[in-house]
Amino acid sequence: MGANDEKSEMCGTIFLKYLLFAFNFLFWMAGGAVMAVGIWTLVKKSDYISLLSSVTYAASAYILIVAGAIVMVTGVLGCCATFKEQRRLLRVYFVLLLCIFLLEVVAGVLAYIYYQKLNEDLKENLKHTMIQKYRQPSQDHVTQAVDKLQQEFKCCGSNSSFDWVESKWVRSADAKSRAVPDSCCKTPTGGCGRRPHPSNIYNVEGGCITKLGNVILEHLKIISAVGIGIACVQIVGMVVTCCLYGNLKAEPY
């Protein structure tokens with residue numbers, strides 16, 4: 001019976017080793033995916049981040065990038081710990097899994113929280129940012145973001161083109177009699193913003209605030225889903241690691 005038990009235990013350990021190795025390979029690939037989502041969020045929508053007052057959106061993406069990088073390193077460490085059957089490395093691996101799990105849960109929760117307050121944040125701050133900072137000194141990033149926003153989403157102003165009446169730039173001599181920025185025009189040309197007629201400029205119901213809000217909401221859903229989804233998968237990895245650690249501990253040196 002003792003020989004059979006020992007053989008069964010060894011088979012269990014070998015099974016857990018290969019299971020954990022397979023998990024680490026998938027985990028390593030998932031780390032790359034998590035990092036890619038974070039980088040994609042920052043690169044693809046980096047211009048629009050300057051239009052948001054809250055740093056939560058950007059923070060969620062940065063957390064995913066850091067977590068993804070750690071995941072990839074941890075995946076390699078997990079493979080080494082599995083094949084070398086070193087309990088000390090398995091302990092380090094488990095702690096790293098736990099830390100990454102917490103990081104990704106935080107990223108997912110931050111994205112969800114911001115998802116809930118996004119519309120309120122945009123209503124309070126987008127119009128103020130556009131009319132107070134557009135084409136103002138040291139605000140080139142805002143100017144570029146607003147121009148890109150209006151052209152990409154075919155909109156004009158936060159709520160409507162009439163928002164530009166309150167703009168510092170429109171009221172200044174620098175505007176050269178423009179009623180709206182040239183980026184509001186359906187066919188942008190120098191000075192086309194002097195003619196704010198619906199046939200010349202974009203006149204979308206709800207303005208840019210609705211368009212931008214919808215895009216960011218979709219991105220936040222992706223960030224939340226990826227962060228929490230990968231975190232749930234890691235629970236499986238931690239359970240398998242604990243089982244393998246227990247089996248190795250039971251085996252004689």
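Predicted model: local features only at pLDDT ≥ 70, side-chain atom pairs only at ≥ 80, totals over all residues.
A disulfide is taken here as a pair of cysteine sulfur atoms within 2.5 Å. The protein chain comprises seven helices and zero strands. Its radius of gyration is 26 Å, well over the 18 Å that the globule rule gives for 253 residues, so the chain is more spread out than a compact globule.

**Overall architecture**

- Read from the N terminus, the elements of the protein chain follow the order α-α-α-α-α-α-α.
- The C-alpha trace spans about 95 × 30 × 30 Å along the principal axes of the protein chain.
- Of the 253 residues in the protein chain, 44% are buried.
- Among contacts in the protein chain with a separation of 6 or more, 73% are between residues 24 or more positions apart.
- The protein chain exposes about 13,200 Å², and carbon and sulfur atoms supply 64% of this area.

- C156 counts as buried, at 3% relative accessibility.
- C184 is likewise buried, with a relative accessible area of 0%.

**Disulfide C155–C208**

- C155 is joined to C208 by a disulfide with an S to S distance of 2.0 Å.
- This pair links distant parts of the chain, 53 residues apart: C155 is in the loop between α5 (140–152) and α6 (168–171), and C208 is in helix α7 (residues 207–250).
- The torsion about the S-S bond of C155 and C208 is about 105°, so this disulfide is right-handed.
- C155 counts as buried at 0% relative accessibility, and C208 counts as buried at 0% relative accessibility.

**Disulfide C185–C192**

- The sulfur atoms of C185 and C192 are 2.2 Å apart and form a disulfide.
- The link of C185 and C192 is right-handed, with 115° about the S-S bond.
- C185 is buried at 0% relative accessibility, and C192 is buried at 10% relative accessibility.

**Pairing pattern and C99**

- When the bonded cysteines of the protein chain are numbered in sequence order, the pairing is 1-6, 2-3, 4-5.
- The closest cysteine sulfur to that of C99 is in C242, at 14 Å, which is too far for a bond.
- C99 counts as partly exposed at 42% relative accessibility, and C242 is partly exposed with a relative accessible area of 43%.

- N200 is located in the loop between α6 and α7.
- With a relative accessible area of 14%, N200 is buried, because the cut-off for this class is under 20%.
- The N200 side chain reaches the backbone oxygen of R195 at 2.7 Å.
- Not counting residues up to four places away in sequence, N200 touches C184, C185, K186, C192 and R195.

**Nonpolar cores**

- In soluble globular proteins, nonpolar side chains tend to be buried together.
- The largest nonpolar core has 47 residues, of which L51, Y57, W164 and L212 touch the most other members.
- At least two residues of this core come from each of α1 (2–44), α2 (46–49), α3 (56–84), α4 (87–133), α5, α6 and α7.
- Helix α7 provides the largest share of this core, with nine residues.
- Leaving aside neighbours within four places in sequence, L51 is in contact with L126, T129, V142, A145, V146, L149 and L212.
- A second, separate core of 17 residues includes V71, I100, V240 and L248.

Definitions and conventions. Residues numbered from 1 in each chain as written. Heavy atoms only, no water. Helix = DSSP H or I, 4+ residues; strand = E, 2+ residues; numbered from the N terminus. Buried < 20%, exposed > 50% of the residue type's maximum accessible area, 1.4 Å probe, protein only. Polar contact = N/O pair within 3.5 Å; in protein donor to acceptor, adjacent residues only side chain to side chain. Contact = heavy atoms within 4.5 Å. Rg over C-alpha atoms; globule rule 2.2 N^0.38 Å. Areas by Shrake-Rupley, 256 points an atom, 1.4 Å probe, with all protein chains shown as cover. Core = buried A, V, L, I, M, F, W, Y, C linked by side-chain atoms within 4.5 Å.
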